[in-house]
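Have the sequence and the 3D view open as you read.

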Amino acid sequence: MPDDNLVIAALIEKHKQTLLRGWLAAQKRDGGASDSADADLSKRFLDELRGTAAGQFNDITTAEWKGMRDLLEDFSRARVTQGFTPTQTAIFVFSFKEPLFEMLRRELAADGDQLAHQIWNVTRLLDQLGLYTIACYARTREEVIGRQQQELLELSTPVVELWDGILALPLIGTLDSARTQTVMENLLERLVSSGAEIAIIDITGVPTVDTLVAQHLIKTISAARLMGADCILSGIRPQIAQTIVHLGLDLNVVSKATMADALALALRRSGKAVVDRARPVETGAAGQ
Amino acid sequence: MSEIPILKIGDCLLVSIQVDMHDRLAMALQDDLTQRIVADRARGVMIDISALEIVDSFIGRMLNNIAAMSRVLDAVTVVVGMRPAVAITLVELGLALTGVRTALNVDKGLALIRSIIDDSEHPDARRAG
């Protein structure tokens with residue numbers, strides 16, 4: 001009934017200052033932060049509530065509640081970035097119940113039915129608003145987690161240029177499909193931009209190699225081969241060598257125990273040699 | 001129907017595929033290419049697919065076929081200029097083109113063909129060196 005809502009709106013208008021004081025006190029007591037920014041926010045919440053309460057209470061997803069939703073969304077976002085807990089965030093809305101019920105009890109003391117009815121109304125409304133706040137909070141947290149995952153993905157798949165024409169791909173962590181995709185894309189892009197012909201894939205940092213990881217490695221190696229680059233697998237630990245054999249996997253690629261061996265092979269293949277500094281001088285002297 | 005040009009560089013043939021391939025074009029290309037390998041006594045074939053954004057199983061098979069045919073005629077086939085996205089797609093399709101040699105670009109492809117031909121012509125020289 002719109003009349004009910006008008007009653008609430010009018011009462012909020014009438015007791016605005018008392019409500020605000022009571023609410024801030026409740027927030028402080030219940031562990032929600034209470035500073036000037038919160039006081040300002042609470043005031044805006046009240047204004048918004050008074051303005052919108054004239055409409056309907058049942059559904060806060062409608063257009064008329066948009067102002068309130070935006071307010072709570074901004075609030076949740078700020079709370080997430082400031083590192084508040086979900087409880088501390090929810091208390092902002094739920095602690096408003098106390099002063100509001102108190103006010104309703106005083107105003108409607110004469111009419112028990114009306115009091116119960118109105119308390120039910122505002123409870124439902126505040127619960128909805130509180131749940132919405134928590135939902136926003138969770139969503140923002142998920143966004144943060146998603147962003148971090150993405151960043152981790154990018155951080156953990158560097159392609160390093162070891163020598164002119166030799167790239168290294170030190171893999172760290174478990175290889176799943178999403179990471180393989182990123183690794184593959186990074187490697188292939190770098191192959192194009194650097195014109196490298198040899199890529200060393202180092203799996204020292206890969207904790208386990210099962211059939212799935214092996215399949216991902218094979219895919220990466222095949223894709224690099226299609227681009228005209230040879231791959232050398234390095235950093236195979238003894239346990240992993242055993243696992244590969246026990247699983248009956250055929251990686252079909254040149255593999256070396258350490259990155260150093262792989263680099264030596266890569267240099268040899270590209271027609272370069274690493275020599276002791278003393279020796280060429282000797283041979284040079286012998287030649288003269 | 002457009003025709004895919006075959007360019008001669010020394011004793012290599014360069015085929016640059018820049019249009020969408022379809023059955024008849026592929027058949028015509030295989031026909032032309034085998035004839036040119038014999039006529040020019042070519043030792044190497046380079047297929048440049050840097051212009052192709054989409055390579056499906058059909059083109060994959062065609063590349064394999066051309067490589068096999070060239071091998072029969074004693075010419076080395078090198079596929080050059082494959083894009084990263086294309087390489088990923090082919091691998092996901094399970095087409096690793098194991099019978100085909102690859103290089104990053106025409107330059108490297110030419111060098112690869114040269115080294116393979118040299119190896120096959122002077123196997124002893126390399127061992128001695």
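## A threonine and its contacts

Setting aside neighbours within four places in sequence, A:Thr140 is in contact with A:Ser76, A:Arg77 and A:Val80; two residues are in contact if their C-beta atoms, placed from the backbone, lie within 7 Å. This is a predicted model, in which local features need pLDDT of at least 70 and side-chain atom pairs count only at pLDDT 80 or more, while totals for chains, interfaces and linings use all residues. Residues are numbered from 1 along each chain as its sequence is written, and chains are lettered from A and ligands numbered from 1 in the order in which they are written.

A:Thr140 sits in helix 7 of chain A. Helices (H or I, at least four residues) and strands (E, at least two) are DSSP runs, numbered from the N terminus. Is A:Thr140 buried, partly exposed or exposed? With 17 other C-beta atoms within 10 Å, A:Thr140 is partly exposed; a residue is buried at 20 or more such atoms, exposed at 12 or fewer, and partly exposed in between, with C-beta atoms placed from the backbone. The C-alpha atoms of A:Thr140 and A:Thr81 are 8.9 Å apart, although 59 residues separate the two along the chain.

## Two helices of chain A

Helix 2 of chain A has 14 residues and should span 20 Å at 1.5 Å a residue, which agrees with the 20 Å between its end C-alpha atoms. The expected span is 1.5 Å times one less than the number of residues. Its buried residues are A:Leu19, A:Trp23, A:Ala26 and A:Gln27. Viewed down the axis, these fall within an arc of 100°, so they line one face of helix 2 of chain A; the arc is that of the directions from the helix axis to the C-beta atoms. The face turned away from this buried side carries the exposed residues A:Gln17 and A:Arg29.

In helix 5 (residues 86-94) of chain A, the buried residues include A:Ile91 and A:Phe92. The buried residues of this helix pack against helix 2 (16-29), helix 4 (66-82) and helix 7 (112-155) of chain A.

## The sheet of chain B

Chain B holds five helices and five strands, which run β-β-α-β-α-β-α-β-α-α from the N terminus on. Of its 129 residues, 34% count as buried.

The five strands form an open sheet of mixed pairing in the order 1-2-3-4-5; two strands pair if DSSP finds at least two bridges between them. Strand 1 (6-9) and strand 5 of chain B stand at the edges with a single partner strand each, so one side of each has no neighbour in the sheet. Strand 3 (residues 44-48) and strand 4 (residues 76-80) of chain B run parallel and are joined by five bridges. B:Asp48 has B:Val80 in strand 4 of chain B as its bridge partner.

Helix 1 (residues 23-40) of chain B packs on the sheet, touching strand 1, strand 2 (12-16) and strand 3 of chain B.

## Where the chains meet

The contact between the chains takes 16 residues from chain A and 13 residues from chain B. Helix 3 of chain B gives the largest share of the chain B side, five residues. That side divides into 11 nonpolar, one polar and one charged. Here Ala, Val, Leu, Ile, Met, Phe, Trp, Tyr, Cys and Pro count as nonpolar, Asp, Glu, Lys and Arg as charged, and the others, Gly among them, as polar.

Conventions: Axes are lines fitted to C-alpha atoms, for helices over the stretch in contact, and angles run from 0 to 180 degrees between N-to-C directions.
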